[in-house]
Amino acid sequence: MSESPQELIGGAFILIGVVFALVGSIGLNRLPDFFTRAHAATKPDTLGLLFTMVGLAVLNGFERTSGKLLLIVVFVLIANPAAAHALGRSAVRSGIQPWVRADRAKTTQPKDTEGNHNE
Amino acid sequence: MIIFVIVVLSIALLLPFYRVLRGPTVFDRMLGVSVIGTKTVMLICLTGEFYERIDMFVDIALAYAMLNFIGAIVVAKYLDQTQGEPR
């Protein structure tokens, strides 16, 4: 196992990016509402793609392909929040209510001191 | 090492299909499709690194990213005009 520091740094970047992608996928399934899911879908996904592409560019060296990889990063960094923003705006206009915690939804009732936080 | 990364990313790519199948609203499904598209771009580039032909695969990934973005924007505009008030 004698790897060059270029391979070590690139591999570390790729691993961090894939971990972010996995966290984003789990959050997309676990969160309760469309808006929280949009939060979980967009930000870790974009950051994971950024880390993975930078890691691949480090592995690849100073070539034309690395420039194309960074071009993908710039494009996704612009496009992914724009797409999520368009989806969120149309969701608001179609009347989806944001999720609130169960003990805050019941404003007429006295406050529950047991602290039933989740679901 | 690269094969381990590809396997983990494939698991992360299978998880949003559950949200696409059983999203309560159509926006959840579109969000899942967008996430799948972004992760597919990552998977294409890692596959190119695996086969050592990344100079070919990176062009496919760039085209796929543009197509994914256009699809999400078009569906969002369509839903905006059909379900909400017209702009």
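In the predicted model, helices α1(B) and α3(B) run roughly antiparallel to each other, because the angle between them is about 165° and angles over 145 degrees count as roughly antiparallel. The axes of α1(B), which covers residues 2-14, and α3(B) lie 10 Å apart. The crossing of the two helices is left-handed. From α1(B), the residues that take part are Ile2(B), Ile3(B), Val5(B), Ile6(B), Leu9(B), Ala12(B) and Leu13(B). Their counterparts in α3(B) are Ile36(B), Lys39(B), Thr40(B), Met42(B), Leu43(B), Leu46(B), Thr47(B), Glu49(B) and Phe50(B). By residue class, this contact comprises 12 nonpolar, 2 polar and 2 charged residues.

Helix α3(B) itself extends over residues 26-51. With 26 residues at 1.5 Å a residue, α3(B) should span 38 Å, and the computed separation of its end C-alpha atoms, 37 Å, agrees with this expectation. The surroundings of α3(B) were also examined. Of its 26 residues, 19 are buried, so the helix is largely enclosed by the rest of the structure; a residue is counted as buried when 20 or more other C-beta atoms lie within 10 Å of its own. Directly after α3(B) comes Glu52(B), which has a positive phi, near 60°.

Chain B also meets chain A: 39 residues of chain B are in contact with 40 residues of chain A. On the chain B side, at least two residues are supplied by each of α1, α2 (16-21), α3 and α4 (54-83). The most is given by α4(B), with 14 residues. In composition, the side of chain B that touches chain A divides into 25 nonpolar, 6 polar and 8 charged residues.

Along the sequence, the elements of chain A follow the pattern α-α-α-α. Chain A has 119 residues, of which 36% count as buried. Among the contacts in chain A with a separation of 6 or more, 66% are accounted for by residues 24 or more positions apart.

Technical notes: Residues numbered from 1 in each chain as written. Chains lettered and ligands numbered in written order. Predicted model: local features only at pLDDT ≥ 70, side-chain atom pairs only at ≥ 80, totals over all residues. Helix = DSSP H or I, 4+ residues; strand = E, 2+ residues; numbered from the N terminus. Buried ≥ 20, exposed ≤ 12 C-beta atoms within 10 Å, placed from the backbone. Contact = placed C-beta atoms within 7 Å. Expected span 1.5 Å × (residues − 1). Axes fitted to C-alpha atoms, helices over the stretch in contact; angles between N-to-C directions. Parallel < 35°, antiparallel > 145°, perpendicular 65-115°, else oblique. Left-handed = near helix turned anticlockwise from the far one by under 90°. Nonpolar A, V, L, I, M, F, W, Y, C, P; charged D, E, K, R; others polar.
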